[in-house]
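Thanks for coming. I will take a few minutes to go through one model, starting with one of its chains. Please have the structure open while I talk.

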Amino acid sequence: MQHLEHDRLVFLALGESEADTSDRTHLDACPHCQAELEGLRHVAGLGAASQELRELPDPPEHVWQGIMAEITEAKELPRLAADRQRPDPAGPVTTDAPPGPRRSRSGRWSRLATTAVTAVAAATVGVVGTAAVLRDGTPAEPTVVASAPLAAYGSTPPAAQGDARVLGTGELHLHVANLPAVPGYYEVWLINPRNMEMFSVGVLGDNSDVLLPLPPNVDLGQYSIVDVSAEEFDNDTAHSGDSLLRGSLTG
Amino acid sequence: MRATVGHAPNQANRPVTGIRQQPGTPEDELADRFRAGDELALREAYDRYGRAVLHLATSTLVNRSDAEDATQATFVAAWLGRETFDPAKGSLVGWLLGIGRRKVIDRLRSAARETRVVETVRQLPEPAPAGSDPDTVVDRLVVADELARLPDEQRRMLELAFFDDLTHQQIATVTGVPLGTVKSHIRRGMASLKRRWEVDGAAPGARPAGISGAR
């Protein structure tokens, strides 16, 4: 059976052509052409209805901020969430839990490191399930390799302050207080005071505590300044120049 | 304050996803960076498609703050599940809308449960105020997005046919383009719209096996 030409179906679907007797005879007998015509008609209807979609309003800013807050939190807590379901919280935390889909960046930490990280996260990030994790025994305090009191920098209100601790696990634990509200977000940096080279360690969410992994090869003798900056959502990955807190690591 | 990537924010004829396919800003590249976990790509995807996802939510959910929640939840789920996005199975915006559709349907279902409870208590069979059907909204957004991406001439001819309801002869007269060329643009444009709908659309029949990869 000779199918209708696709052009013909398109023009029929758009109402540009009228189906003649031979078209109708074929369509009545051919489910394939019928389905194609139906599909094209449907798409033409969707196309016509799409006019009103050309000027859609932007989502309000707080939706984006909610997204950032949630993903920042999720970044910090995946391990904690997994360990919460462990039936024997008194035993040492092991890492044989099935890897979740989002733990890719934690793969390089050793089993021991994981224990300590979990303990710190449980002790300091009071967001999810702290009680469940802590209900049995007190987790050992992690080793502190270096630390720095953070003070308000520049025109930041002097009440703003914090503490930075580099843990034996290779993570930077940051505790902050009284940071001024900013329209964007807070970013954490390590700066080499000799040449002002710097790199971003991560983003500080709405919580007053955060654990950020440091690159394993970081030279804290060089990159000794911990800096918290106010950043805008401007797609510029460089430091905004607006530092809120700074402190010098000593170990 | 807001970053606008890949498009001018207030241009007169802004396509639904905020982009016209432009040289140097290919979708594939954004999708790749998104999948690789580049947070800037998240922002960029949000700038391009946040409007479409919010529209899906506001036109299907009655409550505005539910709609904003669903939009937020969509991007969070997409980001955390970015490794499950398979570019071979559809576009990034199609995938996002598939996730959005599920978030919206979850909320519609829980609202329906609450309504039933209230009805049982009050014995008032008053139907909940109904928004649009999520599948239809997704399909419309997908087709609108594809329309915005068509080559200019194809898009222009189809818009005249769809929005101004002109015959092909009238389009030829208005545009000064020969009738045969008008027909060929329209035929190609329609083929692209239909293909895209089959790949990224949500409605039953649009594709054989539901929304790919979306959670």
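Read from the N terminus, its elements go α-α-α-α-α-α-α-α. Keep in mind that this is a predicted model.

Now, how confident is the predictor? The mean pLDDT of chain B is 80, and 74% of the residues score at least 70. Residues 1-15 of chain B have a pLDDT below 50, and this stretch makes 27 contacts in the model beyond near neighbours in sequence. Residues 207-215 of chain B also stay under 50, with 23 contacts beyond four places in sequence. Where pLDDT is low, predicted coordinates should not be read in detail. For the complex, the predictor reports an ipTM of 0.78 and a pTM of 0.56.

On to packing. Chain B has 215 residues, and 45% of them are buried. If we take contacts in chain B between residues at least 6 apart in sequence, 73% join residues at least 24 apart.

As a general point, nonpolar side chains in soluble globular proteins tend to be buried together. The largest nonpolar core in this model has 69 residues. Which of its members touch the most others? They are B:Leu56, B:Leu92, B:Leu96, B:Leu97 and B:Leu141. Helix α2 of chain B, residues 39-60, gives the largest share of this core, 10 residues. Another core lies apart from it, with 22 residues, including A:Leu150, A:Val188, A:Leu211 and A:Tyr223.

Let me stay with B:Leu56 for a moment. Not counting residues up to four places away in sequence, B:Leu56 touches B:Leu97 and B:Leu141, and also B:Gly100, B:Arg101, B:Val104, B:Pro134, B:Val137 and B:Val138.

Next, the interface. How many residues of chain B are in contact with chain A? There are 43, and they meet 35 residues of chain A. On the chain B side, α2, α3 (64-80), α5 (134-149), α6 and α8 (179-200) each supply at least two residues. The largest share, eight residues, comes from α2(B). By class, this side of chain B has 25 nonpolar, eight polar and 10 charged residues.

B:Asp165 is not a glycine, yet its phi is positive, about 55°. It sits in the loop between α6 (152-162) and α7 (168-175) of chain B. Is B:Asp165 buried or exposed? It counts as exposed, because it has 10 C-beta neighbours inside 10 Å.

In chain A, A:Asn235 also has a positive phi, about 60°, and is not a glycine. Its place is the loop between β7 (225-231) and β8 (243-248) of chain A. With 12 C-beta neighbours inside 10 Å, A:Asn235 counts as exposed too, since the cut-off for exposed is 12 or fewer.

Last, A:Ser224, in the loop between β6 (209-213) and β7 of chain A. A:Ser224 is partly exposed, because 19 other C-beta atoms lie within 10 Å, and a buried residue needs 20 or more. Leaving aside neighbours within four places in sequence, A:Ser224 is in contact with A:Pro193, A:Ser248 and A:Leu249. A:Gly247 is 23 residues away from A:Ser224 along the chain, and their C-alpha atoms are separated by 8.4 Å.

That is where I will stop.

Note on methods. Residues are numbered from 1 along each chain as its sequence is written. Chains are lettered from A and ligands numbered from 1 in the order in which they are written. Helices (H or I, at least four residues) and strands (E, at least two) are DSSP runs, numbered from the N terminus. Two residues are in contact if their C-beta atoms, placed from the backbone, lie within 7 Å. A nonpolar core is a set of buried Ala, Val, Leu, Ile, Met, Phe, Trp, Tyr and Cys residues joined through C-beta atoms within 7 Å. Ala, Val, Leu, Ile, Met, Phe, Trp, Tyr, Cys and Pro count as nonpolar, Asp, Glu, Lys and Arg as charged, and the others, Gly among them, as polar. pLDDT is the predictor's confidence in each residue, from 0 to 100.
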